[in-house]
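Here are a few exercises to work through with the model open beside you. Try each one before you read its solution.

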Amino acid sequence: MFCTRKVNDDYTWVGADGRRLAMFEGVYDVPRGISFNSYLLMDGKTVLFDTADVSVCRSFLENVAHGLGGRALDYLVVQHMEPDHAADIRDLLARHPETTVVCSAAARNMLAQFFGPGYEGRVSVVKEGDTLCTGRHTLHFVAAPMVHWPEVLMTYDETDKLLLTADAFGTFGALNGALFADEVNFHRDYLDEARRYYTNIVGKYGTQVQAVLKKAAGLDIQMLLPLHGFVWRQDLGYILGKYDLWSRYEPEQRGVVIAYASVYGGTENAANILACRLREQGVQVEMFDTSVTPASYILAAAFRFSHVVLAAPTYNGGVFVTMENLLHDLTAHGLKGRRAAYIENGSWAPTSARGMQKLLEPLNWETAADTVTLRSALRQGQQEDLERMAAQLAESVKA
Ligand SMILES: Cc1cc2nc3c(=O)[nH]c(=O)nc-3n(C[C@H](O)[C@H](O)[C@H](O)COP(=O)(O)O)c2cc1C
């Protein structure tokens, strides 16, 4: 049975929630599920914006059929070829031989890569500035290359003043019956997952996001329709403001993320003591054990806060493996402008601070405090080293 929601008079959400996915894109756990959004415009011509993930194909096709109410599907606008939105294209086009695919030239090539030959005759390639009139509605295509794939298009409906944003403004988390961000307490219940979605999936492409935000600033936008998460029809400045900060790599909050790795507890002990000394000085702290918390959460926290403390044992002459993994992730996402401090540990030749700094070199982070070196465990007098680190960090956080 169909499960759809009206966005407005002419647009209908025909997507689906997924709650059985263990790992989104094979990397990100999604304990609260994820939605795969697709939108149907019913006008003189009918237009579907993107398809959905293979896991929700049956519900999606049922929703589209219901939304069309027996009418032909004139256009499928493919804004993004990533399979969580494009996997159902083949099934959809098999059911609708009348449909023309509207997409960028890069998406046309990917269509052939994913689905083989046979679609060329059904594709109409559009580029930035091209329009499609469907009757009452005029659609403008806005190129959004590398937000976060090269073929991405966004679509601006100048009639209803809404922007279909592809993966931008998405969030992890199923919709659970809500469609609009103003139907939930987004700030309290979804912002963390929106940040984790943005920073991990789009975060590397801050420059490209800034370019799209500049284009968006020139449009009168009343609604944002992303491919995951909620439709924004109120307080658009809130989410646009977050995207502006995140894409400029500006922290949302002054404070310290402490990410530590520890085999036997010595490094963890030092990290806990440092957290106490920081709190005593009124500094906001968030702590993560890199062996327990997936890197995606720690990366998102590092985007949120201004300072990062990294604490890890030396491991076979290098850095303990779960910390090494986190540092690769931070570097891969190009997070700029954080200030860092390091706690290293080793039972015979502690070198993990140097190892961590080397891994983070491409980010050019400034160092905010003297490194603390443990030899197996904190020894008498080393509490003072941690106090000094906390004082230096507190000064830098409050600067
Ligand atoms: C597999 C393995 C490799 C290690 N390699 C080194 C090393 O190369 N240099 C060193 O000084 N300590 C090395 N250590 C020792 C740990 O770094 C040291 O015991 C440290 O104090 C552990 O900190 P923790 O109590 O936070 O787990 C190694 C330990 C293990 C288990």
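## Exercise 1: two helices side by side

Helices here are DSSP runs of H or I with at least four residues, strands are runs of E with at least two, and both are numbered from the N terminus. A heads-up: this is a predicted model, where local features need pLDDT of at least 70, side-chain atom pairs count only at pLDDT 80 or more, and totals for chains, interfaces and linings use all residues. Residues are numbered from 1 along each chain as its sequence is written.

**Task.** Work out at what angle α11 and α12 pack, and which residues meet.

**Solution.** 
1. Two packed helices are described by the angle between their axes and the distance between the axes.
2. For α11 (residues 321-332) and α12 (residues 352-360), the angle is about 25° and the axes are 9 Å apart. Axes are lines fitted to C-alpha atoms over the stretch in contact, and angles run from 0 to 180 degrees between N-to-C directions.
3. That makes α11 roughly parallel to α12 (under 35 degrees is roughly parallel, over 145 roughly antiparallel, 65 to 115 roughly perpendicular, and the rest oblique).
4. On the α11 side, M323, E324, L327, H328, L330 and T331 meet M356, L359 and L360 of α12; meeting means C-beta atoms, placed from the backbone, within 7 Å.
5. By class, this contact has six nonpolar, two polar and one charged residues. Ala, Val, Leu, Ile, Met, Phe, Trp, Tyr, Cys and Pro count as nonpolar, Asp, Glu, Lys and Arg as charged, and the others, Gly among them, as polar.

## Exercise 2: another pair

**Task.** Find how α6 and α10 are set against each other.

**Solution.** 
1. Take α6 (residues 191-202) and α10 (residues 295-304): they pack at about 95°, with axes 9 Å apart.
2. So α6 and α10 are roughly perpendicular to each other.
3. The contact of α6 with α10 divides into four nonpolar, three polar and three charged residues.
4. From α6 come R195, R196, T199 and N200, which meet S296, Y297, L299, A300, F303 and R304 in α10.

## Exercise 3: buried or exposed?

**Solution.** 
1. The rule: 20 or more other C-beta atoms within 10 Å means buried, 12 or fewer exposed, and in between partly exposed.
2. Leaving out residues up to four places away in sequence, L164 touches Y39, F49, Q79, M154, T155 and L225.
3. D235 lies in the loop between β16 (223-225) and α8.
4. Across the whole protein chain of 399 residues, 48% count as buried.

Notes. Two residues are in contact if their C-beta atoms, placed from the backbone, lie within 7 Å.
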